[in-house]
Amino acid sequence: MQFGIMSVSDITRDPVSGHTPSEAERIDAIVRIAVHAEEVGLDVFAIGEHHNPPFFSSSPTTLLAHIAALTERLQVTTSTTLITTNDPVRLAEDYAMLQHLAKGRMDLMLGRGNTAPVYPWFGQDIRQGLPLALENYNLLHRLWREDVVDWEGQFRTPLQGFTSTPRPLDDVPPFVWHGSIRTPEIAEQAAFYGNGYFANNIFWPKEHYQRLIRFYRQRFEHYGHGTQKQAVVGLGGQSFIAKNSQDAHAQFRPYFDEAPVYGHGPSMEDFEKMTPLSVGSPQEVIDKTLTFQEFFGDYQRQLFLVDHAGLPLKTVLEQLDLLGEHVVPVLREELEKRRDPESPANPPSHADLVKAKYGDAGARQPRPNANRGDNVTGGSPYQDSETEVSAYPTL
Amino acid sequence: MTDFRLVIVSAGVSDPSSTRLLADRATQRVSSLAEKRGHTVTTTVIDLRELLPELPAAMSSQLLGPRFTRAVDALVRADGLVVASPVYKAGLSGLFTSFFQVIDNDLLIGKPVILGATAGTARHALVVDEEMRALFAYLRTLPVPTSLFASTEDWTDKALGARIERAGRELVLLMESGFARAVRDESWDSYQHSYGSAGGTELDIDLSSDMMRLATGGSLRDSDDDPFDPRRA
């Protein structure tokens with residue numbers, strides 16, 4: 001079981017001090033947060049993607065490459081990568097590059113993005129959000145698996161003889177999660193390709209996620225990727241920890257009350273009752289997190305939201321200390337005890353995927369042929385191609 | 001003989017409330033007329049004032065608290081509705097419109113509804129027909145032809161009782177017709193739904209839709225037009 005943190009990259013005024021961090025401060029802070037996540041024994045760091053203030057993370061692969069360079073074990077990932085407004089060709093290139101630099105210590109999670117004005121900035125239309133997401137992933141999937149792709153769809157300009165470079169590390173595509181909380185088509189796509197399914201598990205009551213996770217598991221089995229228990233499920237969550245419940249509530253309340261999205265709405269107590277938010281002592285956070293496994297079955301990745309709503313860096317680092325020292329070790333042990341042996345303990349790592357593809361044989365290391373000036377004539381652009389064209393048309 | 005489930009939604013906030021009184025009078029007429037015709041009526045009252053503490057969460061985060069959830073459950077099962085709102089500043093009460101804005105668009109499709117409003121002056125009389133009727137048209141309900149409106153002077157006028165009688169009879173006849181159930185049985189799919197809508201009852205997943213074909217590696221393009229469509233192979 002992997003534990004980690006996910007950030008939406010919001011730059012929010014600290015309602016207690018009144019301080020709004022600059023973009024520079026917040027970007028420095030997120031690097032420290034990610035590095036500290038590894039120091040306290042967490043496994044995963046995830047960053048969101050946004051293209052409007054007050055968010056800073058428009059370029060997740062740049063940030064994650066830097067974090068990967070500063071860490072040794074930490075898996076870097078996204079929460080989420082916009083599969084709608086990004087060109088899947090750029091995603092294939094950027095994330096393959098990140099995969100090489102991180103030596104495989106990465107994966108990514110795809111999401112649609114729900115900010116309508118962002119779509120036209122990238123030449124898209126939110127009303128086409130779902131078909132865009134589905135079609136773009138279909139292309140991304142092929143770009144990482146076929147050296148040369150011919151493709152034509154509804155949204156993007158057609159591709160003839162396109163090769164996405166660099167080819168994925170060891171010619172094994174990064175593991176992909178599909179994030180969704182209410183769209184059966186996304187769960188179906190995750191199941192069809194045998195990818196992971198992630199429910200952000202933050203704002204809504206558990207019933208919303210329960211149904212789609214069950215559907216994803218059934219369809220994962222239907223498509224022959226394994227049993228329902230072998231399907232790869234990740235969950236979000238949100239916690240604020242202090243030594244005791246009263247302190248946790250007192251410290252978190254001003255941030256909760258003014259938080260983006262749910263601030264000025266429900267009371268914190270109601271929100272704790274109705275959603276997966278847990279505010280309290282380590283034991284309370286442990287108890288609530290353990291209910292996720294009861295509701296959703298064995299799952300492989302748990303990400304907590306800890307750095308939003310203007311919480312200052314010092315508090316976030318303390319939250320990581322508490323998570324790493326008092327919460328995650330207990331959860332690891334308890335969830336491992338409860339896990340059905342049929343369910344995988346972790347999502348597939350790069351090494352697992354290499355092993356699955358090649359067994360004990362060496363991984364393919366694509367070596368390009370000399371530049372032909374285009375990508376259309378001839379067979380594969382790589383030396384180990386099996387489809388060399390033996391003769392060219394002559395006049 | 002049928003057992004009709006009648007749900008009353010009142011946005012009156014005072015106690016006693018003339019809005020609630022109007023809704024209750026309509027409810028009594030519906031019940032007695034239905035019983036005369038050999039039916040039984042079970043009524044559930046949703047007093048929107050009691051939902052006020054849950055309204056901010058419902059409006060800002062689509063988080064429905066326990067009372068909202070119970071209200072939605074009652075509406076899902078309703079055969080007919082009596083709704084009533086006070087008129088404030090020449091419009092429906094914000095509480096009333098907020099409630100119906102929060103619930104799913106497809107929750108009330110085809111259900112017959114008596115529309116009622118109260119006000120301090122007869123100058124607000126058209127709010128029911130011009131504002132409330134439009135809201136319930138959007139929700140694809142079936143408002144009865146007779147609208148109820150009661151301003152101060154109407155409470156002493158026999159004509160109000162006659163209109164309540166007429167609206168009540170219209171509602172009973174519409175409930176008897178079984179229209180809402182027939183719509184659900186025969187053409188439910190032709191209305192727009194999303195997963196989990198209609199108060200969490202809309203859970204069918206159509207695996208043969210265009211979007212599902214796209215989700216499973218297919219194309220939105222017609223396979224005949226698309227030289228790369230794997231289905232052509």
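This is a predicted model: local features need pLDDT of at least 70, side-chain atom pairs count only at pLDDT 80 or more; totals for chains, interfaces and linings use all residues.
A salt bridge here is a side-chain nitrogen of Lys or Arg within 4 Å of a carboxyl oxygen of Asp or Glu. A:Glu334 is partly exposed, at a relative accessible area of 24%.

A:Arg338 also has a salt bridge to A:Glu294, again 3.2 Å from N to O. This second pair links distant parts of the chain, since A:Arg338 belongs to helix α11 of chain A and A:Glu294 to helix α10 of chain A, 44 residues apart. As for solvent, A:Arg338 is partly exposed with a relative accessible area of 30%, while A:Glu294 counts as exposed at 52% relative accessibility.

## How α10 and α11 pack

That takes us to the two helices themselves. The axes of α10(A), residues 282–296, and α11(A) come within 10 Å and cross at roughly 30 degrees. Angles under 35 degrees count as roughly parallel, and α10(A) and α11(A) are therefore roughly parallel to each other. The crossing of α10(A) past α11(A) is right-handed.

Who touches whom? On the α10(A) side, the contact uses A:Pro282, A:Val285, A:Ile286, A:Thr289, A:Leu290, A:Gln293 and A:Glu294. Facing them from α11(A) are A:His326, A:Val327, A:Val330, A:Leu331, A:Glu334, A:Leu335 and A:Arg338. Sorted by type, the residues of this α10(A)–α11(A) contact come out as 8 nonpolar, 3 polar and 3 charged.

## How α1 and α11 pack

Helix α11(A), residues 313–338, has another neighbour in α1(A), residues 23–39: their axes come within 10 Å and cross at roughly 10 degrees. So α1(A) and α11(A) are roughly parallel to each other too, and their crossing is right-handed.

From α1(A), the residues in this contact are A:Ala29, A:Arg32, A:Ile33, A:His36 and A:Ala37. They meet A:Leu313, A:Val316, A:Leu317, A:Leu320 and A:Asp321 in α11(A). The residues of the α1(A)–α11(A) contact split into 7 nonpolar, 1 polar and 2 charged.

## A buried pair and its network

Over all chains, the structure holds 35 salt bridges. One of them joins A:Arg364 to A:Asp147, with the closest N and O atoms 2.8 Å apart. What does this pair tie together? A:Arg364 lies in the segment after α12 (350–358) of chain A and A:Asp147 in the loop between α5 (129–143) and β6 (149–151) of chain A, so the bridge connects parts that are 217 residues apart in sequence.

Are the two partners buried or exposed? The cut-off for buried is under 20% relative accessible area. A:Arg364 counts as buried at 17% relative accessibility, and A:Asp147 counts as buried at 15%.

The pair also belongs to a network. Salt bridges that share partners connect A:Asp147, A:Arg167, A:Asp171, A:Lys357, A:Arg364 and A:Asp384.

Note on methods
Residues are numbered from 1 along each chain as its sequence is written. Chains are lettered from A and ligands numbered from 1 in the order in which they are written. Side-chain values use heavy atoms; hydrogens and water are left out. Axes are lines fitted to C-alpha atoms, for helices over the stretch in contact, and angles run from 0 to 180 degrees between N-to-C directions. Helices (H or I, at least four residues) and strands (E, at least two) are DSSP runs, numbered from the N terminus. Angles under 35 degrees count as roughly parallel, over 145 as roughly antiparallel, 65 to 115 as roughly perpendicular and the rest as oblique. A crossing is left-handed if the near helix is turned anticlockwise from the far one by less than a right angle, and right-handed if clockwise. Contact means heavy atoms within 4.5 Å. Ala, Val, Leu, Ile, Met, Phe, Trp, Tyr, Cys and Pro count as nonpolar, Asp, Glu, Lys and Arg as charged, and the others, Gly among them, as polar. Buried means under 20% relative accessible area, exposed over 50%, partly exposed in between (1.4 Å probe, protein chains only).
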